[in-house]
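Thanks for asking me to look this one over.

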Amino acid sequence: MNKQITLKARAKINLALDAIKKREDGYHEVKMIMQEIDLFDEVSVQEDSGSEIKVNSNLDYLPNDDSNIAYKAAELLLKTYNIKKGVSIDIHKNIPVSAGLAGGSTDAAAVLIGLNQLWDMHLSKNDLMKLGGKLGADVPFCILGGCAVAEGIGDELRPIAGLDAFVVLCKPNLRVSTAKVYSNLKLDEIEKHPDVDEMVQQLKTNKIEEIKCNMINVLETVTLTENPIVSGIKLKLLECRAEAALMSGSGPTVFGLYKDYNRAKSAFENLKKVYNETFLVKTVK
């Protein structure tokens, strides 16, 4: 039987997200802080007979063809290194889909890492991150993990001290298009921007009360305005005594940060009654 590699493909949250300017290529220049959390998909890779790439998942609505970013990751690795082998990819999704948590990107990252291990390719983390950058802006961070400042289109990364906290995540039954959110972003109308450099220093103390003044996501100006339910979840988390709450990425997932586990558990139980996709996890430093 062929060897199988199974990895935890972890989600991320944005502790701060700023858009600096719109580039000529249509992308936005960003500066943000990305934090890995212990909510994960399980991704298994295995060599398959023939030369096909096969993708299976526990969600019947996820594509299993070349429109799936995990498929694209395997295809990119095979083509880049001229490997004539088949690959079987099995994904058990726990991270909500289209949620602002890098669920697809982290699966792609796991495929690159897993195949590198499976075939003893000895590619460095930097090699894999460069490859991942061709698939999407969040993929390099999902390979890096931990906590990092991300600049450029989100793919220029600098590892920093991360946060140690409990996280309650809540995603309403709603899908948000990242491309549409950025296209509707009015940079000249944004009143508050995070000071990302200041937050980097504040994170060294691991005090939520210090970083929360810079916990700003400028994409909230679009998503919260268009989707009042997201605003309602943010307010509910604060009512449930979160020390700080913010939307992750382009949304619609909102997270609350807690130092105290019992307080976090109470908030989780409260929100879970209303929103099925609610989770209580920890950050990964």
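**Notes on the model**

1. Serine 98 counts as partly exposed because its relative accessibility is 33% (buried means under 20% relative accessible area, exposed over 50%, partly exposed in between, with a 1.4 Å probe and protein chains only). Serine 98 sits in the loop between strand 4 (86-92) and helix 2, and has a positive phi of about 50 degrees although it is not a glycine.

2. Before going on, please keep in mind that this is a predicted model, in which local features need pLDDT of at least 70 and side-chain atom pairs count only at pLDDT 80 or more, while totals for chains, interfaces and linings use all residues. Residues are numbered from 1 along each chain as its sequence is written, and side-chain values use heavy atoms, with hydrogens and water left out.

3. Alanine 102 is also found in the loop between strand 4 and helix 2. Its phi is near 65 degrees, a positive value in a residue other than glycine. With 9% relative accessibility, alanine 102 counts as buried. For context, most residues other than glycine have a negative phi, and most peptide bonds are trans.

4. Helix 2 (residues 103-118) packs with helix 3 (residues 125-133) at an angle of about 140 degrees, their axes 10 Å apart. Helices here are DSSP runs (H or I, at least four residues), as are strands (E, at least two), numbered from the N terminus; axes are lines fitted to C-alpha atoms, for helices over the stretch in contact, and angles run from 0 to 180 degrees between N-to-C directions. The two helices are therefore oblique to each other (under 35 degrees counts as roughly parallel, over 145 as roughly antiparallel, 65 to 115 as roughly perpendicular and the rest as oblique).

5. Leu112, Ile113 and Asn116 of helix 2 meet Leu128, Leu131 and Gly132 of helix 3, where contact means heavy atoms within 4.5 Å.

6. Four strands form an open sheet in the order 8-9-7-10, with antiparallel pairing (strands pair if DSSP finds at least two bridges between them). Strand 8 (244-247) and strand 10 (277-282) are the edge strands, each pairing on one side only. The twist averages 20 degrees from one strand to the next.

7. Do look at the loop between strand 8 and strand 9, the place of proline 252. The peptide bond from glycine 251 to proline 252 is cis, with omega near 5 degrees.
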